[in-house]
Each structure stands twice: as C-alpha cells, then as structure tokens.
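Please consult the sequence and the structure shown below. The paragraphs that follow lead through a sheet and then a pair of helices.

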Amino acid sequence: MKTELMSANYAAARSVISARVEVVAAYPITPATTVPEQIALLNEDGFYTGQFIRVESEHSAIFACIGASSTGARAFTATSSNGLLLMDEGLHWAAAARLPIVINNINRSVSPSWNIHVTHDDSYSKRDTGWIQFYVSSVDELYHTIIQSFKLAEDERVLMPVMINSDGFVLSHTLSSFDYLEPEEVDKFLPPYSPPHWIMDPANPVSHGNIVFPEYYQEFRYMMHEGTQNALKVYEEVEKDYKNLFGKYFGGPIDCYKCDDAEVVFTSQGSIAAEAKDAVDELRDEGYRVGNARVRMIRPFPVDKIRELGSHVKGFASFDRGVSYGFGGPVANDIRASMYHTKYRPMIKSYIGGLGGRDMTVTDIKEVIKDTYKAVESGDLGPEETWHDLME
Amino acid sequence: MVATREMPLKEYVLKGNAACAGCQDMVALRHAHKALEGDVIQVVPACCTSVVQSLWPKSGLAIPVLNTAFMAAAATASGVKAALKAKGNDTTMVMVWAGDGGTFDIGIQALSGALERRTDFLYICYNNQVYSNTGTQRSGATPLHAQTTTTWRGKTEPEKMIDLIVSAHEPVYQFTANTAYPRDLYDKFKKALEYPGPKFGHIFLPCPQAWNYPVEQGVEIGKLAVETGYWIQWERIGEEFILGRESKRFQDPEKRKPVDEFLKMQGRFSHLFKPKRDEKKINEFEDFIQHRWDVIMRAFT
C-alpha cells in the first residue's frame, strides 16, 4: 500500500489495475472523462494490461461490458448523467442477466439545461434497475469501494451489478490522498472472477436470454430481488475482510458519526455527508445533540440500520441532492417507509438542495439540522419537505 | 464450390426450434454453422432469431448464444471479443446474427463503431426486409412499394443501400448471400474464417409471413430475386470485388427475367397488379434495380 495524491477519477482509473479488471469499455462525458482518459494512458503505458474498448456511445459501453461479463471477464465502465441515462436499457439488462459489472457514475445534473455539476438525479433515476448503489465521500473511499464492489457483485449470493456514485467535480476533479494497493496485494482479497451461473463458452454451449413466458418470469425477478437484498449481509463480510487485510473501513451501509446519543441525525449521500461532520462538530460545541448518518448504500436500502437509528433519535433531517418529481426526496421517503412498521415515530423532515452543483457549506448544513432540531423541540413538524436555499 | 456431400453432417440447428414453417433463417443458420463448425459465440439482438432459437429452458441451437438488446449487437460482440482476448483465446469466432431492423436501423451506430474499431468479428445481417418479429412493419430495408403494417399502401422509398455504408468502413471481407444458394453461402462462411478483422455478411432471405407467399416457395423467390437482377450476389476481399457467378449472368438487363415474376409471387406486392398492372410503380421498382447495379459497379469496380 502506498499513499498517492490524485483526483477521484484518477484513483478510479487505478482501481481498474488493482482489481485486475479484464475489460473496460467507456465513452467520454464530463465530468467522468478523465477516468477513460487515464485508463487509456495506463493501458498504452502497459500498467493496465486488460482490454480497453473505446466505444462510440454509453449504450455501447454498457453492452460491451455485458458481452465481456457474459464471457467470464471482469468488466468496468465509468460515466455521468446523460451517459448513465443512455445506458438505461443495459443497466436493466446487466442486472437481470446477473452480471457483476461495476460502474463508477460521477454524479452530474441531467439536462436540460446543460449543467455539468453535481445533482444525484442521474443515479436516483436508476434506483429501480436492480443495481446496488453506493455514494462515497472521499477519493480514498471511492478507490477502495470499487475494489470491494467486485467482491460484493461476484459473490454467488449476490451476483448483481454495482454502481458507485461520486460527486462530479467536488470529488472527480479534486485532488486528495488515497492509499493505492498493488494488484498483488488485492489478490489476497479478490480472486479472479469465475462465473458460478453461466458463461459463453463453445465447449459448453448454452443460450442466455431466451424467451421466458409468464409462468417463470416472476421467479427470475424474485431471485434478482433476493440477490440485491443479500448484498447487505455480504457487504458486511466484504468490509470485515477488507479491514483485516488493509485496515480500511468506511462504515457499512450507513456511516454513523456521533449518532449514539443524538436527538437529531442528519442523513445525506455523497460529498455533503463529509462536510456534515464538521457541521455536527460545530453544533455539538454549541450544545446541540446531533449526529451525522452518512448513507453510503441506497440499494439495497439499509432498513434495519435506519430502524435502529429511528428507535433512539427524535428526528431525521434527511437531505437529498436530487428529487423524485411529485414525491420529493427519494432517500427521505425511504426512511419514512422504513419506520412505518415500527413503534417509533421520529420526525422525518425532508430537505432538497445543492442541485446543479449549488454549494452546500457547513453553514447551510447547520441551518438544515437546526431547523429539524427546532421542530423536534417544539413538537411541531412544520413542512414535510423544504427546498433549501430556494429563491423566491 | 462445396458439394453438398462435403458439408459436415453435424447439425447445429436442432429439431424443435420455434421457427415458422418455411423460415429461411433456419436455412441460413444451418449452413452458416456447418461451415463454422461450433467454435463460435453467437450474439443475437432482438429479431426473429431471438424467438425461433426456442424458449427457455430449451435451446434450438447447439452453439453458445448471447441474446442482447436491439441496438446493441455489435457492441455486445465487441465485449465478447475483448473478453476472449483478455483470456488469450484468439480462435473462437464471435458472430452477430441480426435482422435488418437491428442492422439497417436501430443497430447501425453500434455496427459502425465496431467496424471502425476493427473488431475481429463477423457481423451477419439476415435480411427479410421487414420487422417480421413484431408483425411486419416497414424497416430501412423494406423495398419500394412493398406493403407492410406501417405502409399499408406500399412503401414510398426504396431500401437503404447498407452494403455501401458498411463498405465505407473497409471491412476485411464483405459478402452478400441468399438462402436459395446454400452451398455458396456455406463457402462464404468458410472464407470468413480465414480473415482476421471486421467482416460483414448480408443474407437475403424471403419470409413467408411478411412477404405473403406459400411456405414452400422461399427458394424460388430467392432465385428469382437474383434472376431478375433485384438481388446481387457479390464478395469483396479487401479492395478486390468479385461479382458472384449467379449474378454475373444477369448483369446485362436484357438477360434478366421480367421483374413481374418476382413481384407476382408475393402478396406484399399484389396491389401493384390490382385491378391492373401499375406501370408507373413497377417501372420505378425496375429503375431502382438498375440504379443499384450501377451504384454497386461504380463503387466497387
């Protein structure tokens, strides 16, 4: 392990070497572009020895990954925003074909209007494709979560693809230190991919994707659901192994900070969640009993962890950097749904903001947390949903 | 040309597949796979073949088949090829088997990309000139004046000359074939095995469902397509153009059979003869036949 100073995209490109990815297929889109650029350079310089397909669209990128994974190769791609949307058909396809492909989606606002900065709408809109979804807060976390994700995706109990989301520019283009692992080190953790289900092989010809009639289709879908749900338990094992081998641990599906005695916890995804630690520290200094619950995984949704938090906090200030148009904050709504069948009734306030890359500073986060704190203290919920910093 | 008795006896198209009676796609697949002899991974986008290969959990083809999305065949094949390469396998043939919709229309971008990347694979477009699988809607390959369920009074444009688009990508080997000439088709697949790099085969195959003719007449119609000059059999090895011997005889318009013979056999053109022969439209059809000859010969010779 050696410490390097790089942007998240540069680190993601290097994870491909560390995890011995066999096939990368990618198409440039800002702000993901430097991932394929770096992979190309590493490939041409002989550091990345797998195949790199410079495809002509994101649709082709995901389907080249599907072809590669179907032939037993470990496959990776990176994209953003409209690129992820163009992949949509392939995202559903990869999940239903149970192909353990890994994507680094660099969150970017969806057009129109053109905006290359962070909003989580791109990946939120892919929530129901079957892909396991992580949101990360640092360069180091991104790099190691990609490596972990191959182990998670390839586990026979899971066999579902994984999308690791990192905030455009805030992470993708910001230099930070991370601990690089040589492939020989990662070998101890991640064995070569050996598909346990099916593979394209002339020595043992099978067809994949034939027509399935209504009497069987539903069962395949149930198995996908099971596979995704299993990811919570399997990820626990993955993280434990990883910690033992490399001393790295990122906090499970929800990384809690000062939550144990908190009356209000702030939940969020991505880089805001790192900023929120400082907000929590400052608020603690000011006498507020608050905590930070950084939601790292939104699918499968960590229902048990939310229920555990919900059993002892009085309020959630749930922040979404994206919207389900007509129903508000996607993660806030998942938290509400998770608590419904329990006896606990914490206030769950939804905040939406930071869209289009609008800055969310420590001061902004403090304002949000205090708003929920006030509601808890007064017993008056106030608005269920608040758009933070919305111009009148 | 291969003698029928020289073809391998092994069948890769198995009994019990779900093809319609008289399906010429099965004729094409049967002879293609006899030539390739099993060391092949076949990528199939949405098309008739994705249905007729049979229904889960059975398979009507004795080769590995990867079904994929409509517009993604060539991209998927690129991934398969890359995986084989990553694993040190340089021998297994990666073959796309796509219909005309998946090639001329929705799949053309992925095809263009894979050809431009010089992907070592064989892309086959089996062309029945219509979206047969969805109930016979017009495609970019549907000929002028053909009736489909989205051109009830006949298509108003001739088909796209896909071969010219493909040839602009300079594949190492390109051919046209026709299921009425299965031995020729077999030879072309054998030849495809010899050239590493991007290869493209365009197979004309009549469809009794969409073209509306008695199921046993597919071969006659296929032959008439050549004999009227409508379909041209040719190959291109790099820059070298070879006009097929079946078509050479009909290069001279004087020697061609009347186009009516080809058109009259097919219900999709029946409106051209009712209540009486539509001189204007049939002339337009004939003009396109000659136009295609002129363009092909001008481009390639």
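Phe266(A) has Asn292(A) in β12(A) as its bridge partner. The two strands concerned, β11 (residues 264–268) and β12 (residues 290–295) of chain A, pair in the parallel sense over 5 bridges; pairing requires at least two bridges found by DSSP. Strands (E, at least two residues) and helices (H or I, at least four residues) are DSSP runs numbered from the N terminus. This is a predicted model, in which local features need pLDDT of at least 70 and side-chain atom pairs count only at pLDDT 80 or more, while totals for chains, interfaces and linings use all residues. Residues are numbered from 1 along each chain as its sequence is written, and chains are lettered from A and ligands numbered from 1 in the order in which they are written.

Both strands belong to an open sheet of 6 strands in chain A, with mixed pairing and the order β10-β12-β11-β14-β15-β16. Its edges are β10 (254–257) and β16 (385–387) of chain A, each pairing on one side only. On average, neighbouring strands are turned by 20 degrees against each other, direction ignored. Helix α12 (residues 330–340) of chain A lies across β11, β12, β14 (315–320) and β15 (347–352) of chain A, and runs at about 150 degrees to β14(A). Such angles run from 0 to 180 degrees between N-to-C directions, with axes fitted to C-alpha atoms, for helices over the stretch in contact; contact means C-beta atoms, placed from the backbone, within 7 Å.

Elsewhere, the axes of helices α3 (residues 58–70) and α5 (residues 88–96) of chain A come within 8 Å and cross at roughly 15 degrees.

How values were computed:
Two residues are in contact if their C-beta atoms, placed from the backbone, lie within 7 Å.
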